Amino acid sequence: MAAAPPRRRDPTGFVVSYELRSSPIAGLGLFATSRIARGTLLWKADETSQIIYTEAKLRAKLVALTPTEAIDLLEHLYCWGGEVLEIVGDAKYWNHSRMKQNTGNHPDGNGEGRGDGVSSYALRDIEPDEELLDDYAAYSIVPWFEALCVEYGAKSCTSIGREYVMA
């Protein structure tokens, strides 16, 4: 599969240049196209970059999908702050690694212009061609969502993060 061309700005949250291409971890992944300094904002979480689901809203969406589409959707949602969120755009291809995590909340904490607790930042300097990786085990657990994943035979991001510690 040919790599997608580098992107300069994704209208759904990305503020750094990246490529979407095959990942050695799983499926597609996000790769830096230039050096990214520690503390740099990578992806901005806002009303255009994600959809928030209640249980009723998510169940209504799932009934209109095939079983394969439903599993794909459920496995690309994440939970944060007790909410279930769908990432709109390429950020849904962010892969997990607890051991090689290089992205997450601002490395110097939140507040005072250092982060909002939801957007993603470089935790350390990231080199060109390095995959952007997050630790899914840090995400919230929302019991109704976990039960819905089991019902559909899907794995939530949080369960993947806790299962794949060495990745």
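Tyr78 stands opposite Leu85 in strand E6. Strands E5 and E6 run antiparallel and are joined by four bridges. They form a hairpin with two residues between them, and Gly81 in the turn has a positive phi of about 60°. Helices (H or I, at least four residues) and strands (E, at least two) are DSSP runs, numbered from the N terminus. Two strands count as paired if DSSP finds at least two bridges between them.

This is a predicted model, in which local features need pLDDT of at least 70 and side-chain atom pairs count only at pLDDT 80 or more, while totals for chains, interfaces and linings use all residues. Residues are numbered from 1 along each chain as its sequence is written, and side-chain values use heavy atoms, with hydrogens and water left out.

Ile51 stands opposite Glu86 in E6. Contact here means heavy atoms within 4.5 Å. Strands of a sheet pair through backbone hydrogen bonds, either parallel or antiparallel.

**Helix packing**

Axes are lines fitted to C-alpha atoms, for helices over the stretch in contact, and angles run from 0 to 180 degrees between N-to-C directions.

| Helix pair | Angle between axes | Axis distance |
|---|---|---|
| H1 (residues 55-63) and H3 (residues 143-152) | about 20° | 11 Å apart |
| H2 (residues 67-74) and H3 | roughly 150° | within 10 Å |

The angle of about 20° makes H1 roughly parallel to H3. The angle of roughly 150° makes H2 roughly antiparallel to H3. Angles under 35 degrees count as roughly parallel, over 145 as roughly antiparallel, 65 to 115 as roughly perpendicular and the rest as oblique.

H1 passes H3 in a right-handed crossing, and the crossing of H2 and H3 is left-handed. A crossing is left-handed if the near helix is turned anticlockwise from the far one by less than a right angle, and right-handed if clockwise.

H1 meets H3 through Glu55, Leu58, Arg59 and Leu62, which touch Trp144, Phe145, Leu148, Glu151 and Tyr152 of H3. This contact has six nonpolar, no polar and three charged residues. Between H2 and H3, the contact is made by Ala70, Ile71 and Leu74 of H2 and Phe145, Leu148, Cys149 and Tyr152 of H3. By class, that contact has seven nonpolar, no polar and no charged residues. Ala, Val, Leu, Ile, Met, Phe, Trp, Tyr, Cys and Pro count as nonpolar, Asp, Glu, Lys and Arg as charged, and the others, Gly among them, as polar.

**A residue in E9 and the whole chain**

Ser120 is found in strand E9 (residues 120-122). Ser120 counts as buried because its relative accessibility is 7%; buried means under 20% relative accessible area, exposed over 50%, partly exposed in between (1.4 Å probe, protein chains only). Leaving out residues up to four places away in sequence, Ser120 touches Thr40, Leu41, Leu42, Trp43, Trp94, Thr103 and Gly104.

The chain has four helices and ten strands. Of its 167 residues, 44% count as buried.
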